[in-house]
Amino acid sequence: MAGIVEASAQHPKPEGALFSYGTAGFRMKANLLDSVMFRVGLLAGLRSKRLGGQTIGVMVTASHNVPEDNGVKLVDPMGEMLEASWEQYATLLANSTTDEELLENYELVFKKANIRADVPANVVYARDTRESGPALVQSLVDALNAAGTKSQDYGILTTPQLHYVVRCINTKGAYGEPTEEGYYRKIGDAYRVLMKGKHQNGPITIDAANGVGAPKMKKLAEYIGKDHFDYKIINDDVDTPSKLNHNCGADYIKTQQRMPPGTPVQPGARYASFDGDADRLMYFYIDFDNTFHMLDGDKIATLAASFIGDLARASGLNGLRIGVVQTAYANGASTAYIQKSLQLPTICTPTGVKHLHHAALKYDCGVYFEANGHGTVLFSPACLSTIASHEAQSPAQKTALDSLQALTDLINQTVGDALSDLLMVEVILAHKGWSPKEWDSTYTDLPNRLVRVEVNDRTIFQTTDAERKLVSPEGLQERIDALVGKYKLGRAFARASGTENAVRVYSESQTRGETDELAMKVRDLVAQF
Ligand SMILES: CC(=O)N[C@H]1[C@@H](OP(=O)(O)O)O[C@H](CO)[C@@H](O)[C@@H]1O
Ligand SMILES: [Mg+2]
């Protein structure tokens, strides 16, 4: 324990800083993160001890944020996000003002979480391509060493690759081989099975946001081989730190709804964008009249759900419960399409992947995506054994069953993964023989608007019903309801952001003009309160 105080002295907390472990872990300007990293290192060890020495992951990344930022997130043993009840411990350790107070709080977590000191601790860690990464990793390592935690450095990985590795380690290889190469082998082999006798309709152009997705996508493509995977990569400069996420990437596509500047325009061709740690994916295309069209997380979710439904039917697997999990930000047209055309159930959860992931576990096959492109498909253990033991009654059934089986390997079961999701979309489009325009035409998005309202205190905005209704401040929801009632197909809600000091207002309705008007009126109401 004395070692911890001594090591912590090298990583003092900046005076006055207030940290909080939120939806995205800790995330801020990199120069404020040194003490946070050290303390996360302590917490990772504690978490591992609490779980009987299972391996915990630590990912150093700030995803789609600007290059000067960085961040850190913990990964639980099966590759899930850190259990919510532990977020308070992360915040507690991060905010301890002195080294002595840190030690007190460290011991407090020991007690509160019922941790036994004699259990060994195991941690693996990785980082994205940010310039600040190596120094921050060193602070983490200092804590791991001071606490006697056994650790392994995985160098530079995408966030989903680290989640994969953690699950492989804790399943003793049942999920796959716990190496970067094992990751390429697992999903690359599955892709090749699924593409047997199919082909892509021209190359896919990938905007890698000048981040870690670029080198990793290249390695994956190399493993698969040119004959099977045709792609071009743009925004792949990871050697110029200032370019990361700058005028490119999944978040740019979602918020700007236009081509990243400098992208070669080819009408009708497929484009995709990753975010800075490659856990989000957006597709887009330029129509022959030169208009930009975005294929977001909702479009990816509907595509996946429809394909899995097709494969299950074609395999003769009846009664597989497929469901789609969305948040309130999902376009109303997508929800209607899933329920009415695909005839599948939907669940709406609060924002944040952990909520969606949890809800998706309720189905045999749970498809979950946030509109911003973060999501995956989960197959329950029962579903996996049903697929494995099902006997095909014809060659056609056998082909579909093999595809379904391969799909369970292709899709990263731990967390949304831009690389794996991209291959999934390429497979489905190849199977359906669809161009992006045909995919897009499955349903037409309702015009929608997302605006940010700066407020003094966002905590007064409390919601219920998966964040779709405000319960406080009093009277505001009634006013919003009265407004929404005036618009055909109108829907609007306001909620406090979990990652920024702001309230987000979302609106949709039948026309662009009315949608914008509704958003502005709700924004004004929020500002008034
Ligand atoms: C409307 C929106 O896109 N919200 C994002 C954003 O959450 P907020 O709580 O809205 O700030 O960041 C989250 C973490 O990255 C992501 O999960 C979520 O989808
Ligand atoms: Mg990300």
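Start by selecting Phe19, and show its contacts beyond four places in sequence: Phe26, Val36, Thr91, Ala94 and Asn95. Keep in mind as you look around that this is a predicted model. Phe19 sits in the loop between α1 (2–8) and β1 (26–29). Is Phe19 buried or exposed? Its C-beta has 20 other C-beta atoms within 10 Å, so Phe19 is buried; the cut-off for that label is 20 or more. For a sense of scale, draw a distance from Phe19 to Lys437: the two are 418 residues apart in sequence, and 45 Å lie between their C-alpha atoms.

**Colour by confidence and by domain**

Before going further, colour the protein chain by pLDDT. The mean is 97, and 100% of the residues reach 70 or more. For the model as a whole, the scores are ipTM 0.98 and pTM 0.97.

The chain is divided into domain 1 (2–156), domain 2 (183–295), domain 3 (297–440) and domain 4 (448–528). Taken over C-alpha atoms, the centres of domain 1 and domain 4 are 35 Å apart.

**Into the cores**

Next, select Val40, Val58, Leu140, Ala304 and Leu410. These are the residues with the most contacts inside the largest nonpolar core, which has 131 residues. In soluble globular proteins, nonpolar side chains tend to be buried together. Zoom in on Val40: setting aside neighbours within four places in sequence, Val40 is in contact with Val58, Val72, Leu74, Ala90 and Leu140. There is also a second, separate core of 19 residues, and Ala371, Phe493, Val503 and Val526 are among them.

**The ligand**

Select ligand 1 and display what surrounds it. How many residues surround ligand 1? There are 13, and the closest are Glu370, Asn372, Ser497, Gly498 and Thr499. Colour this shell by class and you will find three nonpolar, seven polar and three charged residues. Why does ligand 1 lie between two domains? Domain 3 (297–440) and domain 4 (448–528) both give residues to the shell, so ligand 1 lies between them.

**A strand and a cis bond**

Move on to Arg491, in strand β18 (residues 491–496). Arg491 counts as partly exposed because 19 other C-beta atoms lie within 10 Å. Not counting residues up to four places away in sequence, Arg491 touches Gly332, Val484 and Glu508. A distance drawn from Arg491 to Gly249 spans 28 Å between C-alpha atoms, with 242 residues separating the two along the chain.

Then select Ser472 and Pro473 and look at the backbone. The peptide bond from Ser472 to Pro473 is cis, with omega near 0°. Pro473 belongs to the loop between β17 (469–472) and α17 (476–484).

**Two positive phi angles**

Go to Asn245, in the loop between β7 (231–234) and α9 (250–256). Asn245 is not a glycine, yet its phi is positive, at about 60°. With 25 other C-beta atoms within 10 Å, Asn245 is buried.

Then follow the chain to Gln257, in the loop between α9 and β8 (270–274). Here too is a positive phi in a residue other than glycine, with a value near 50°. What are the surroundings of Gln257? Gln257 has 13 C-beta neighbours inside 10 Å, so it counts as partly exposed.

**Two last stops**

Select Ile204, which lies in strand β6 (residues 204–207). Ile204 is buried, with 22 other C-beta atoms within 10 Å. Leaving out neighbours within four places in sequence, its contacts are Tyr231, Arg270, Ala272 and Glu426. Between the C-alpha atoms of Ile204 and Val66 the distance is 26 Å, and along the chain these two are 138 residues apart.

Finish at Ala336, in helix α11 (residues 332–341). Ala336 has 14 C-beta neighbours inside 10 Å and therefore counts as partly exposed.

Technical notes
Residues numbered from 1 in each chain as written. Chains lettered and ligands numbered in written order. Predicted model: local features only at pLDDT ≥ 70, side-chain atom pairs only at ≥ 80, totals over all residues. Near = placed C-beta within 6 Å. Nonpolar A, V, L, I, M, F, W, Y, C, P; charged D, E, K, R; others polar. Domains from an automatic or database assignment. pLDDT = per-residue confidence, 0-100. Core = buried A, V, L, I, M, F, W, Y, C linked by C-beta atoms within 7 Å. Buried ≥ 20, exposed ≤ 12 C-beta atoms within 10 Å, placed from the backbone. Contact = placed C-beta atoms within 7 Å. Helix = DSSP H or I, 4+ residues; strand = E, 2+ residues; numbered from the N terminus.
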